[in-house]
Every structure is written in structure tokens, then in C-alpha cells.
Amino acid sequence: MPTHPHQPAANAVSGYFDVASGEPLHPAAREVLLNAYDEGWADPARLYRSGRRARMLLDNAREVVAAVLGCRPDEVSFTPNGTQAVQLGILGRFEARERDRTELAVSAVEHSSVLACATRLESRGAVVRHVGVDAAGLVDPDEFAAAVGPQTALACLQAANHEVGTVQPVDDVAAACAEHDVPVLTDAAQAVGRVGLPAHWSILAASAHKWGGPGGVGVLAVRRGVRWRSPWPDDERGDGRVPGFENVPGVLAAAAALRARHEEAAGLAERHWPLVEHIRTRVPQVIDDVDVVGHPTRRLPHLVTFSCLYVDGEALVTELDRAGFAVSSGSSCTSSTLQPSHVLAAMGALTHGNVRVSLGAEVTHDDVERFISVLADVITRLREQAGMS
């Protein structure tokens, strides 16, 4: 697709430091997406030639995704987005649960889509048990185990946190849950294509635009043997999990991007780890009253968050944008509501004046150095304007 002559392609913008919110389309997905509109446009549920062709392509994409997730192809379904995958995963488990299982265990730092489902279920009589985290955003498996029992229908623990990058001990928690035959849903949106995934999840949700696929494609995987039933009315199409016509071109491009990103993951991590470590070390050295949050080692390789005293987060994001850097502040999913980050609050960290940086494939050391310099200037200016410097 041609780019406007005065606007470089998004993946060429060196100041885009917010891939955790959404990543530019991976080059491996671009050609596949365009070709798929010619090859995979037909209804894959139909028996004529173009329908069979679309079904074959869809099944191939499902196999690619399943291979990366470590599950069977028939356990994978495609949704319109990651949020819907989370909602279907949780609500579908409660739809099919044993009658005496009325409890839900969730970590305090889950994505807002998980917590919104918990609130909905609580309003319907479910008991929701929230498991806290330490100052690094890490769940203690023993504390999580204490929140799970014979009445627990589902436990929710993300693979990696979307705001601070802390990688959670999902397999350890799953082992404790298995003693009570409790399935574990893991929101793997930030981890897929970045780090190794946990092995012992029961239900998994992910989102293609986090790994360089097109927007509008989510993934819901439900292991065979897990009691699950769609919370929506029956639909004659598909696998009984997600109703309606599949976005075949989007799914094909998502699978192509995932396969490429999975192959690149180790190399990207090797590049990103020292860049993020430099930010974690250097920012507190050049700027006073800054706290770097998140686990120093159990973390995503490309993401770091820090909180700045005496600075408004929204103003900081706006000024950095004017200087050519795109970052986020607080929860990317709740920033428009002006609500403080529930993740940082659960960690006991400063909930205002925070900046999340997440690096793309093209970011260099020079880009990071320039960002740190600009950040220091912006914070100094904002503090002076507020009379705090």
C-alpha cells in the first residue's frame, strides 16, 4: 500500500515507542493480507471451490498459530479482537462450569477486560478473589494457591503484564490449580511472539496487532477436556466458540506475522534487552525523583515503565509527542477515562506521571539516547511550569 509522500510508514518512525499498544503491520503480513483478499474472500463454510479454498487457507493459519501457542489446531478459534477473546474465555468457562463452582480467582494486575468480566460475574453472584502482587508486580504462587479451592471455576493470570512487563509464574500457579481441577486462563497478548509461553494454561487469549498482525483479529484457545460453552446464542457456523463469518484475510495475515515474529523473537530480545536496561539505568541518573517499576529480570525484553514525581502523565505524553516520541501513560486501555492505573496502584507505585516505553524492531541505541535527552528536557520544563523546580 503506498504511503503518503509527506508521511513515512509507521514502522519507519524511529520515535514510535508504544508497540505494546499496537505494532505496525509486519512486512511478512502485508503481502499475505493483500493476496488474501483475492484468494480467501469466500465463505469458508461453503462447499464450492472458492469456499473450500478459503477453508484450506483458514485451516493452514490455524495450524501456524497452534504451533506457536503449543496446542492443537482444533483448540484455536479466531475472534474480532483480544478483548473479546478474554471475555469469551472467562464467560464461556462460567457458562459450562459445575454448579457448585461459583468462584473466580484473578491477579490484581490483570488487563481491564479480565477485571470487567470479574465485575460482571460478581454482580451475578460469583465470588471473586483478587490476588495481590509485590512491588515488582509479581504474583506469589503460594498466595495464588491460597485463593483457589474446590469452589473455584477459573483462575486468571496473565503471561506478562501489559503496563510494566513483569512475566508471571503461570506454570507454577497452574500446578497449584491442578490440585483442585481448576483451569487457568492466561491473557498472553503481550507475551506471544516476545517470550516463551507458559505450557500449562487451559484457556489462552491473544491479539494479533500486538505481534505485527492486522487489527481486528484475536485468538481464543481452549484445551480439549476443559469444560467450556459459548455464552452467546448457538450459531450454525464455525467451531461453536465464535459465531459469524471469519475474517479470513485478517487471520491469514495474522498467522504470517506470528510465524515471522516467532522466528525473530530471540534476536529481537537480544537487541531490546540492553536498550531497555539502558533506559532503566540511565533515566534515574539524569532525572531526579523517578522510579523505574516492574521486575528487573522477570520482564518482557522490550518494555519499561517509570513514574515521575511532580509531572502529569497526560502532559508528559503530549509533550513527548510534540518532540517526536509516541509513548503511553497509565493503562493504555483506560487512558481516555483519566483513571489512575490499577496495575501501579496494586504494586504500591506512583499512579500518576508514569510513562510506558515499548520498543519496536527498528529502534536503535541512538533513538534511545535521543529519547532520554528529550525526556529530561520535557520533565524539567513541566516541573518548572508547575513551580516544582
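**Sheet and helix packing**

Seven strands build an open sheet of mixed pairing, in the order S1-S7-S6-S5-S4-S2-S3. Strands pair if DSSP finds at least two bridges between them; helices (H or I, at least four residues) and strands (E, at least two) are DSSP runs numbered from the N terminus. The model is predicted: local features need pLDDT of at least 70, side-chain atom pairs count only at pLDDT 80 or more, and totals for chains, interfaces and linings use all residues. Residues are numbered from 1 along each chain as its sequence is written, and side-chain values use heavy atoms, without hydrogens and water.

- Strands S2 (residues 103–107) and S4 (residues 152–156) pair in the parallel sense over four bridges, and Leu 104 stands opposite Leu 154 in S4.

**Helices on the sheet**
- Helix H2 (residues 49–69) lies across S1, S6 (203–207) and S7 (218–222), at about 110 degrees to S1; angles run from 0 to 180 degrees between N-to-C directions of axes, which are lines fitted to C-alpha atoms, for helices over the stretch in contact (contact means heavy atoms within 4.5 Å).
- Helix H3 (residues 82–96) lies across S1, S2, S4, S5 (184–187), S6 and S7, running at about 165 degrees to S6.

**Helix pair**
- The axes of H7 (residues 248–286) and H10 (residues 365–385) come within 10 Å and cross at roughly 25 degrees.
- H7 is therefore roughly parallel to H10 (angles under 35 degrees).
- In this contact, residues of H7 including Leu 275 and Ile 279 meet residues of H10 including Val 368 and Ile 372.

Key. Angles under 35 degrees count as roughly parallel, over 145 as roughly antiparallel, 65 to 115 as roughly perpendicular and the rest as oblique.
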